[in-house]
Amino acid sequence: MKYYRQMRSKKTFILLLVALLSMSNFFGYAQQFNLSGQISGVNNVHIYIRYVDSEGKDQKDSCFTSKGSYLFKGKIKEPTRIYFAIFSGSFKWVDDSEPNVTHVYVEPGNNFANGDFKKFKETFVTSSETQRDALELGKRYSVLSLRLADLNERKKQLLQAYNDEKSKPTPNKNKVDSLNEELSKMKRSIMNVSDKFQDTTLQFITENPQSYISVEKLDNYKTRLKLDNLKFIYSQLTPQIRQSNNGNTIAKFILESENTIVGKAAKDFLGKNQNGTTVKLSDYRGKYILLDFWASWCIPCRESFPHLKELLKKYRSAGLEILTIAVDDKVDDWKNAIQKDRIATWHNILDSPSVKNGEVNNDAIHNQYNVHLLPTKLLIDPNGIIIARYNGADRTNDLDHKLIELFGH
């Protein structure tokens with residue numbers, strides 16, 4: 001099924017987004033929700049919830065129950081996802097994989113969720129239409145989830161075997177190469193399943209444009225989709241869903257992305273490299289420049305460096321330069337990664353934090369370029385115009401083809 005088509009009028013679409021954002025304060029108003037029910041199989045426990053309230057503030061609440069009954073109250077403007085956890089001892093924020101943690105969706109008004117502590121993840125709000133939509137999408141994911149879990153387990157075993165062999169005093173080169181090839185195939189298989197998750201999600205959104213689950217998932221995928229595709233899918237959502245919190249987030253993302261897409265002039269910036277030397281983007285005018293946004297903790301980012309070295313060696317004489325911008329919190333982690341990966345052959349800049357004093361830091365280079373996914377690469381021509389943008393780790397072939405198109409080999 002084809003999900004996308006070209007927007008007829010870019011100007012009209014932008015005006016629509018501006019109108020929606022300006023009207024967002026007039027849609028929705030604070031309403032009370034009640035969440036109550038009974039969790040069987042527990043005694044003398046605390047139940048905890050966490051959610052974003054009607055004012056956009058993070059709220060936490062808890063109650064003690066000796067017989068499993070609970071009641072929470074709060075104010076929301078729209079169907080809202082709630083972190084729902086139960087502990088017999090003291091509370092601590094834990095990963096979603098923990099058996100005593102789940103998420104439920106509540107609507108304004110009364111919500112009921114009964115469950116069994118032994119099957120806590122199956123707890124859901126029976127009165128919530130949004131919860132039913134989440135369950136429906138979960139059913140579509142189920143086969144893919146099992147497949148992905150199996151692949152990840154096999155990848156873990158292969159990686160262990162690979163590391164064990166490499167750590168031997170005299171590794172068997174053929175075995176190391178064979179295991180490395182199997183790991184590469186496994187990574188491709190995992191990527192294929194990830195693509196199927198995306199296809200399944202977009203199919204659900206297309207079929208359910210009135211669902212808050214649709215706009216929540218589209219918000220999750222907004223950085224992975226090509227901008228024209230995102231704009232079209234967003235335009236097909238119902239007006240009420242577009243005016244939701246997630247809908248407004250997507251609208252803002254689209255507006256910001258329009259300023260850093262192919263055909264726009266690249267914003268100038270400056271920063272200091274690992275040696276303390278000031279580097280400006282405009283210093284590269286007259287050359288093709290590849291901006292690479294990365295982080296020391298981003299494995300796919302660092303795995304791409306050997307290929308970037310090959311590209312620089314191949315095309316530097318033809319006018320290509322590379323400038324990497326690290327979105328790292330710690331200077332030492334950044335410098336250690338540069339040294340370990342041997343990428344001092346090009347300039348490296350450490351970006352400023354995404355958030356400063358509780359507000360979005362507009363001085364951060366990655367915020368100026370609307371980078372929300374690592375790695376992200378932008379190719380800029382000698383006149384300072386963005387001629388290509390690649391979001392994510394799976395765009396290497398696209399970059400290679402673009403460089404062949406530019407340099408002829």
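This is a predicted model: local features need pLDDT of at least 70, side-chain atom pairs count only at pLDDT 80 or more; totals for chains, interfaces and linings use all residues.

Reader: What percentage of the 409 residues of the protein chain count as buried?

Author: A residue counts as buried when its relative accessible area is under 20%. Of the 409 residues in this chain, 44% count as buried. The accessible surface of the chain comes to about 22400 Å², and 49% of that surface belongs to carbon and sulfur atoms.

Reader: What share of the contacts with a separation of 6 or more is between residues 24 or more positions apart?

Author: Here one looks at the sequence separation of residues in contact. In the protein chain, residues 24 or more positions apart account for 64% of the contacts with a separation of 6 or more.

Reader: How many positive and negative side chains are there, and how far apart do the centres of the two sets lie?

Author: The two kinds of charge are counted, and then their centres are compared. The protein chain has 59 positive and 48 negative side chains, and the centres of these sets lie 2 Å apart.

Reader: Why is the disulfide of Cys 298 and Cys 301 described as right-handed?

Author: The handedness is read from the torsion about the S-S bond: for Cys 298 and Cys 301 this torsion is about 75°, so the disulfide is right-handed. Elsewhere in the chain, Cys 63 is buried, with a relative accessible area of 16%.

Reader: How many aromatic pairs does the count come to?

Author: For aromatic rings, one considers the distance between centres and the angle between planes. The count comes to 12 aromatic pairs. One of them is Tyr 70 with Phe 72, whose ring centres are 6.0 Å apart and whose planes meet at 45°, so this pair is tilted. Tyr 70 and Phe 72 are both buried. A cluster joined by ring pairs contains Tyr 70, Phe 72, Phe 84 and Phe 120.

Reader: Why does the pair of Tyr 141 and Phe 197 count as tilted, and which helices does it link?

Author: The rings of Tyr 141 and Phe 197 have their planes at 55° and their centres 5.1 Å apart, so the pair is tilted. The pair links distant parts of the chain, with Tyr 141 in helix H2 (residues 129-166) and Phe 197 in helix H3 (residues 173-207), 56 residues apart. Tyr 141 is buried at a relative accessible area of 13%, and Phe 197 is buried at 14%.

Reader: Where is Ile 250, and which residues does it touch beyond those up to four places away in sequence?

Author: One reads the element first, then the cover, then the partners. Ile 250 is in helix H7 (residues 245-258). Its relative accessibility is 0%, so Ile 250 counts as buried. Not counting residues up to four places away in sequence, Ile 250 touches Val 215, Leu 218, Asp 219, Lys 222, Leu 230 and Tyr 234.

Reader: Is Asp 116 buried, exposed or partly exposed, and what is it in contact with?

Author: Asp 116 lies in strand E8 (residues 115-116). Asp 116 is partly exposed, with a relative accessible area of 30%. Leaving aside neighbours within four places in sequence, Asp 116 is in contact with Ile 39 and Ser 40.

Reader: Which residues does a cis peptide bond join?

Author: The angle to inspect is omega. A cis peptide bond joins Leu 374 and Pro 375, with omega about -5°. Pro 375 is in the loop between helix H11 (365-368) and strand E16 (376-380).

Conventions:
Residues are numbered from 1 along each chain as its sequence is written. Side-chain values use heavy atoms; hydrogens and water are left out. A disulfide is a pair of cysteine sulfur atoms within 2.5 Å. Buried means under 20% relative accessible area, exposed over 50%, partly exposed in between (1.4 Å probe, protein chains only). Contact means heavy atoms within 4.5 Å. Accessible areas come from the Shrake-Rupley method with a 1.4 Å probe; for residues, only the protein chains shown count as cover. Lys and Arg count as positive and Asp and Glu as negative; His and the chain ends are not counted. The place of a charge is taken as NZ of Lys, CZ of Arg, CG of Asp or CD of Glu. Rings of Phe, Tyr and Trp (its six-membered ring) pair if their centres lie within 6.5 Å; planes under 30 degrees apart count as stacked, over 60 as edge-to-face and the rest as tilted. Helices (H or I, at least four residues) and strands (E, at least two) are DSSP runs, numbered from the N terminus.
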